[in-house]
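This report goes with a single protein model. Please look at the sequence and the structure before reading on.

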Amino acid sequence: MESAVFLELEDTGNGFNFKSSIEAEINNAQIELDELNETIDSIRIIRPECDKVDYALAISSGAICGIIDIFLVGKPGESPLGNITDKWFENRTKDFAKLWGWSGGKEGSTSSAIRFLEEKFKIPYDQRGASDAGQYIFGLNPTNHHFKSLAHNPSLLGLFFSILDQFTNQSHFVTEGALISLQRADDGFELQGTNVTSKLFSAFVNWFGHIISDISGSSGSKGRGMGIPSPLWTWTNDVIAIKRKLNIEPSDFDKSVNDLALKMFNQGYDIRFQSTQAIPVIINGLVVRLFYSVRRLVKYFSQSDRNHRSFGEMWKKCEPFSNATVKRMLTVAHGTFCLVDVGDATVRGFVAGGGTFNALEFFMRVNVVGIGRFTISLYGEVKREIQNTRNSQRLFENVREREVVKYYLGGLKLLSNEYDDQELVLLISDFSNSDVYREMLSASVELANKRHVPQEKIISSKESGDAYFRGTK
């Protein structure tokens with residue numbers, strides 16, 4: 001195949017010159033090649049590079065953590081890990097009480113710490129349905145008042161109603177699809193503060209402190225006690241409250257889901273058990289990242305030269321957080337976990353229903369945290385796939401341009417070996433001193449004279465020709 005090299009000449013007005021030297025062009029081409037390589041690497045970094053072993057390890061991790069969820073998490077009241085979580089929350093309640101001056105009391109019990117916090121963070125919406133108005137009006141009782149009371153919900157809407165109730169001395173409850181408010185809920189309550197800002201701060205502190213006091217049950221609770229409802233289920237209260245405030249009648253679906261969430265809470269499905277469900281999900285993620293890092297670490301040490309190893313290069317090869325490969329492994333692991341967990345919950349739902357599906361048993365056992373984590377992973381996969389689709393054309397164009405630049409750079413290096421810049425300077429000088437263009441100009445002037453062209457219209461010199469074509473004459 002024949003090849004040619006083109007060198008661009010520039011007319012400076014007084015002569016000719018090459019726009020750049022060969023060495024300068026080689027440097028420019030190398031810079032462009034490096035930029036293209038960086039662009040291509042940045043595009044390809046979002047593409048997972050999992051092999052069969054990666055997928056097998058991810059599936060194994062998900063299956064093992066699913067078994068942990070089945071036998072060690074289970075459902076409230078039958079959870080070995082749940083007992084450990086309950087104890088952890090009790091200790092954190094005591095630690096929080098000590099920060100505010102609790103000395104431990106005579107027995108140093110959890111109920112003593114809770115009682116201290118209840119006195120420290122007084123609020124007007126703590127009706128428990130024990131011979132009070134709530135019991136007679138809408139069936140409030142000690143087992144459901146933490147769920148029905150909006151201000152006891154650990155959500156932004158719960159914080160809003162807590163502050164509202166403290167400013168107005170009210171109590172807001174959701175029950176059977178209705179939003180009920182008690183006026184003058186506690187005549188002995190007074191919100192501390194001298195202005196709106198200080199009162200808002202006091203209201204927030206009271207809300208948070210009271211949440212901590214109730215997270216392990218009330219001071220008079222026997223046994224485990226009724227804690228704070230799960231933030232992943234209190235949205236059923238939020239939907240009804242918002243619809244009622246907008247004068248929209250809640251649907252039968254809203255009411256049925258809210259009733260299901262209340263039944264789950266009555267059987268112990270609170271924020272403590274929700275935290276227990278998070279344990280196997282966290283373990284799943286950690287194990288997958290460990291598998292990924294160990295495999296890449298072994299590969300790095302087996303394939304790299306001992307004299308050229310560095311911690312930075314090793315971390316780049318083994319880092320298990322921001323690359324698409326480990327994210328794909330996490331998606332597979334969490335998907336496997338959910339498959340095992342939902343399968344077990346479904347079977348137990350039919351067993352508990354005696355052949356018919358028992359929705360309460362199913363939702364008591366299904367790991368909502370795991371489903372949420374799997375949903376996040378799926379969202380990431382879809383987002384990366386959309387980005388890959390958008391970048392595919394850009395990647396193709398950059399790869400093609402890189403091949404052109406490589407070919408051009410190779411040609412320049414070949415030319416550099418054959419010629420040097422001194423020879424090119426001589427070439428420019430020879431071309432500038434050539435009389436070829438002067439002979440052609442003389443011939444054209446002679447032809448114009450023979451055709452009787454007026455002298456003022458004849459271009460008789462290079463300077464007048466340049467002026468004519470540039471529009472300056």
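The text below covers a pocket, a pair of helices and a pair of aromatic rings.

The model is predicted: local features need pLDDT of at least 70, side-chain atom pairs count only at pLDDT 80 or more, and totals for chains, interfaces and linings use all residues. Residues are numbered from 1 along each chain as its sequence is written, and side-chain values use heavy atoms, with hydrogens and water left out.

The largest pocket has a volume of about 870 Å³. A pocket is an open set of points on a 1 Å grid over the protein atoms alone, where a 1.4 Å probe fits, with protein on both sides within 12 Å along at least five of seven lines; lining residues have an atom within 4 Å of a point. There are 22 lining residues, and Glu49, Tyr292, Arg296, Lys316 and Lys317 lie nearest the centre. By class, 13 of the lining residues are charged, 5 polar and 4 nonpolar.

Of the elements, α11 gives the most, with 6 residues.

Helices α9 (residues 235–245) and α10 (residues 252–266) have axes that come within 9 Å and cross at roughly 140°. Contact (heavy atoms within 4.5 Å) involves residues including Trp235 and Ile240 of α9 and Val257 and Ala261 of α10.

The structure holds 14 aromatic pairs, meaning rings of Phe, Tyr and Trp (its six-membered ring) with centres within 6.5 Å. The planes of Trp100 and Phe121 are at 85° and the ring centres 5.0 Å apart, so this pair is edge-to-face, a term for planes over 60 degrees apart. Trp100 and Phe121 are 21 residues apart in the chain.

Methods:
Points joined across faces, edges and corners; volume = space filled by probe spheres on them. Helix = DSSP H or I, 4+ residues; strand = E, 2+ residues; numbered from the N terminus. Nonpolar A, V, L, I, M, F, W, Y, C, P; charged D, E, K, R; others polar. Axes fitted to C-alpha atoms, helices over the stretch in contact; angles between N-to-C directions. Phe/Tyr/Trp six-rings, centres within 6.5 Å; stacked < 30°, edge-to-face > 60°.
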